[in-house]
Amino acid sequence: MEFNGNHLIELGYRPAKWFKDAITYINENHLDEIQIKEYLEQFKQPEHIPLHETAPEFIINIRAEHENESDNVEKVIKTMKVLMKTPTLTAGALMPDACPTGPEGHIPVGGVVVAKNAIHPGFHSADICCSVMLTDFGKVNPKDILDAAHSVTHFGYGGRPRGEQMPMSQELMDAFRENEFLNDEKLISIARSHMGTQGDGNHFLFVGISKNTGNTMMVTHHGSRAPGAALYDKGMKVANRFRQDISPETLKENAWIPYDTEEGKSYWEALQLIRTWTKENHTNIHDAVLNKLKIEKENRYWNEHNFVFKDGNLFYHAKGATPLNDKFMPDITGPRLIPLNMAEPVLIVQGKTNERNLGFAPHGAGRNFSRSQHKRSLAHKTTEEIFNEETAGLDIRFYSNEIDISELPTAYKSAANVRAQIEEYGLCEVLDEVMPYGCIMAGDVQKNAPWKKKYRKA
């Protein structure tokens, strides 16, 4: 009788890629029972890896400036203490813009953790490579740039309709097809349709004036959209299969893919391709604005702030933190960007790795309260009153034509406090500020969503 997969399962092995080759080897070599057991020794799972009994220490670069921030700071410190018990972690840091993202033990926004020989998909989440790009337009009227940008960008759910799509390079599509995680024609089709889109939530297109030069600059903020979300879903499934075998005590959200496995290498390569897609997405939008105005750029640079960075066998996971060290960014062309809120300047910064920052700076202003909490706190005012108070003197536009008060300035932490703590903890140095003229955001995409319109008609 031929040996088959059911026999492997009966011997206690979990279905895996190696099953096919092992079954072929056993049958072709006519191994007996003893020989089979000896041969299968190489596929035995290691003993379970326990949580750290004592969590590695982490650096705290945040403190409560007032009563409203106390609860937030306590929560992020508490969740980091649980998170740091994950077996792979060796170091961590909290930035001044830190805020919780979920249940206790999940990495907070504004958190940086270092893992040995492991990639944790849950630490970069679905918005892989959320990033910012700046283009210097020179002495151009900021309204002209904002108008042109409004005509070429795309916010909201889904991708662009046929006929309005921006190009995805053939080289990148070919690279997707060669990667185990991205070799899916449906995913590639989605990647093509989402090129040139910015999504919703806190993603934006910002126009302002350099404090140093007086030049007009445009900054975009978005991640990898649906392609990144698809990779995250696949990565979490693979990570949790490993977790069940090697560390079942680890929280599901903190599962990891060992880098020294076939899956680990392939996932790392997939992350780099998603990074390339995201940078290409930013570039398409910026170039479209330049082409619309028939001008050439004076300068451009970008950085991701939600990604995984490799240094030897150490993987730095930044869940909303700006990489400062050049070793993290092989294509670095300039300083880094830290946006705060639509009424505050985008900071242009530089810095070096020191004992407090692990090579990172904050990525923005963060939140003290959830979106729903913030909305409830303003329930005594109309949406128009709130908007007029918080955006006076600025050209603020919502792509959906519906104001989203959860993205107005008071929804975020005090920008002044974040800047003060950047200086207090010596995290980075501010080189310039892009003073706000206006910005475009998705707006409240839920208010008149297509499925709600359909429901009301019914």
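The model is predicted. Its protein chain is assigned two stretches, domain 1 (5-43) and domain 2 (122-456), and the centres of domain 1 and domain 2, taken over C-alpha atoms, are separated by 47 Å. A count over the structure gives 17 aromatic pairs, and a search of the whole structure finds 25 salt bridges.

**Aromatic pairs**

- The rings of W18 and F43 have centres 3.9 Å apart and planes at 5°, and because planes under 30 degrees apart count as stacked, this pair falls into that class.
- W18 belongs to helix 2 (residues 18-28), whereas F43 lies in the loop between helix 3 (33-40) and strand 1 (59-60), so the contact ties together parts that are 25 residues apart in sequence.
- With a relative accessibility of 19%, W18 counts as buried, because the limit for that class is under 20% relative accessible area.
- F43 is likewise buried, its relative accessible area being 17%.
- Ring pairs also connect W18 and F43 with Y13, F19, Y25 and Y39, so that these residues form a cluster.
- For F387 and F398 the ring centres are 6.2 Å apart and the planes stand at 55°, so the pair is tilted, since that class takes the angles left between stacked (under 30 degrees) and edge-to-face (over 60).

**Charges over rings**

- The charged end of K265 is placed over the ring of Y259, at 4.5 Å from the ring centre.
- R367 has its charged end over the ring of Y412, again 4.5 Å from the centre of that ring.

**Salt bridges**

- E185 and R177 form a salt bridge in which the closest N and O atoms are 2.8 Å apart; E185 is partly exposed at a relative accessible area of 46%, and R177 is partly exposed at 30%.
- A salt bridge also joins R275 to D331, with 2.8 Å between the closest N and O atoms.
- This pair links distant parts of the chain, for R275 is in helix 10 (residues 262-293) while D331 is in the loop between strand 11 (322-323) and strand 12 (336-338), 56 residues apart.
- The two partners fall into separate accessibility classes, since R275 counts as buried at 9% relative accessibility, whereas D331, with a relative accessible area of 23%, is partly exposed.
- The side chains of D395 and R397 meet in a salt bridge with an N to O distance of 2.9 Å.
- D395 counts as buried at 19% relative accessibility, and R397 counts as buried at 15%.
- D395 and R397 are also members of a network of salt bridges that includes K143 and D147.

- Strand 10 (residues 314-319) is mostly covered, with 5 of its 6 residues buried.
- Strand 9 and strand 10 form a hairpin with 2 residues between the strands, in which G312 takes a positive phi near 65°.

**Annotated residue**

- The feature "binding site" is placed at H221 by UniProt, in an unreviewed entry, and such annotations may be inferred rather than shown by experiment.
- H221 lies in strand 7 (residues 216-222), where H221 counts as buried at 5% relative accessibility.

Methods:
Residues numbered from 1 in each chain as written. Predicted model: local features only at pLDDT ≥ 70, side-chain atom pairs only at ≥ 80, totals over all residues. Heavy atoms only, no water. Phe/Tyr/Trp six-rings, centres within 6.5 Å; stacked < 30°, edge-to-face > 60°. Helix = DSSP H or I, 4+ residues; strand = E, 2+ residues; numbered from the N terminus. Buried < 20%, exposed > 50% of the residue type's maximum accessible area, 1.4 Å probe, protein only. Lys NZ or Arg CZ within 6 Å of the ring centre and 35° of its normal. Domains from an automatic or database assignment. Salt bridge = Lys/Arg side-chain N within 4 Å of Asp/Glu carboxyl O. Pairing = 2+ DSSP bridges.
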